[in-house]
Every structure is written in structure tokens, then in C-alpha cells.
Amino acid sequence: MAVKVTTNAKSLMSELNQFVVEESNELLNELAVGIKRDTPVDTGRAQAGWEITAPISKVGDTGVLNNNVDYVIYLEEGHSGQAPAGFIQINIIKALNERE
């Protein structure tokens, strides 16, 4: 007995694209939470400076998590005793590993 499975490729691609967009934004949000949590705090300015400035709306978009505080790169390089050097990279690696 033969079994025939049919599907609408356009509908399937649309659902797949929506899934990719949702998962990508979820990852971007997880990164924002983790990085903000781990940002060293003195005045709180650097920690408060994190914002998602470009969420992903379609496949191919680039999501952007931004911080306009001018010294945040120095915090990432470890110029604070409150967080390890690379706290941003550490959060990126953690978030990607959790998704595997």
C-alpha cells in the first residue's frame, strides 16, 4: 500500500521563516537579559544603556543589541573588578550553547 503525503510548500516556508524569526528574537532577548545582568555596575549607566535597537522582523535581518555608553568596551575588556573580561562574549557563547 502506498502512502502519499502532500504539503503546500509556500505555507511550509512561511511557517519555517516565522519560526526562524521567533527563535532569533528569543535569542536576542536572552542575550540582552544576560549581558545586562552581567554588566559591571558602579553608577548603573552602562547596565541601563543596553537596548535592542533592531529586532528581527524577517529572515535575513540582523538583530542589534546596542549600548551607547562610551566606556562599555573597557568594561568588556576587564577594566572593572566586578565582572570578568569578555562578559559579553561569555553570554553569547552561553546562549548559543544552550540552543544546541
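This section describes helix packing, the nonpolar core, salt bridges and selected residues in a predicted model.

The packing of helix 1 against helix 4 is considered first. Two packed helices are described by the angle between their axes and the distance between the axes. Helix 1 spans residues 9–38 and helix 4 spans residues 87–98; their axes come within 9 Å and cross at roughly 140°. The crossing of helix 1 with helix 4 is right-handed. On the side of helix 1, the contact is made by Leu 27, Leu 31, Gly 34, Ile 35, Arg 37 and Asp 38, which meet Phe 87, Ile 88, Asn 91, Ile 92, Lys 94, Ala 95 and Leu 96 of helix 4. By class, this contact of helix 1 with helix 4 comprises 8 nonpolar, 2 polar and 3 charged residues.

Within helix 4, Asn 91 was examined individually. Asn 91 has a relative accessibility of 5% and therefore counts as buried, the limit for this class being under 20%. Apart from residues up to four places away in sequence, Asn 91 touches Leu 31, Gly 34, Ile 35, Arg 37 and Asp 38.

With a relative accessibility of 34%, Ile 90 counts as partly exposed. When residues up to four places away in sequence are not counted, Ile 90 touches Pro 84 and Ala 85.

The largest nonpolar core of the model contains 11 residues, namely Leu 27, Leu 31, Ile 35, Ala 46, Trp 50, Val 69, Val 72, Leu 75, Phe 87, Ile 88 and Ala 95. At least two residues of this core are supplied by each of helix 1, helix 3 (72–76) and helix 4.

Side chains of opposite charge can pair when their charged atoms come close. A search of the whole structure identified 2 salt bridges. In one of them, Asp 38 pairs with Arg 37, with the closest N and O atoms 3.0 Å apart. Asp 38 counts as partly exposed because its relative accessibility is 24%. In the other, Asp 61 pairs with Lys 58, and the closest N and O atoms are again 3.0 Å apart. Asp 61 also counts as partly exposed, at 24% relative accessibility.

Ile 73 is placed in helix 3 and, at 44% relative accessibility, counts as partly exposed. From C-alpha to C-alpha, Ile 73 and Ala 9 are 45 Å apart in space, and they are 64 residues apart in sequence. Gly 81 is situated in the loop between helix 3 and helix 4. Its relative accessibility of 86% is over 50%, so Gly 81 counts as exposed. A distance of 52 Å separates the C-alpha atoms of Gly 81 and Ser 11, which are 70 residues apart along the chain.

Technical notes. Residues are numbered from 1 along each chain as its sequence is written. This is a predicted model: local features need pLDDT of at least 70, side-chain atom pairs count only at pLDDT 80 or more; totals for chains, interfaces and linings use all residues. Side-chain values use heavy atoms; hydrogens and water are left out. A salt bridge is a side-chain nitrogen of Lys or Arg within 4 Å of a carboxyl oxygen of Asp or Glu. Buried means under 20% relative accessible area, exposed over 50%, partly exposed in between (1.4 Å probe, protein chains only). Axes are lines fitted to C-alpha atoms, for helices over the stretch in contact, and angles run from 0 to 180 degrees between N-to-C directions. Helices (H or I, at least four residues) and strands (E, at least two) are DSSP runs, numbered from the N terminus. A crossing is left-handed if the near helix is turned anticlockwise from the far one by less than a right angle, and right-handed if clockwise. Contact means heavy atoms within 4.5 Å. Ala, Val, Leu, Ile, Met, Phe, Trp, Tyr, Cys and Pro count as nonpolar, Asp, Glu, Lys and Arg as charged, and the others, Gly among them, as polar. A nonpolar core is a set of buried Ala, Val, Leu, Ile, Met, Phe, Trp, Tyr and Cys residues joined through side-chain atoms within 4.5 Å.
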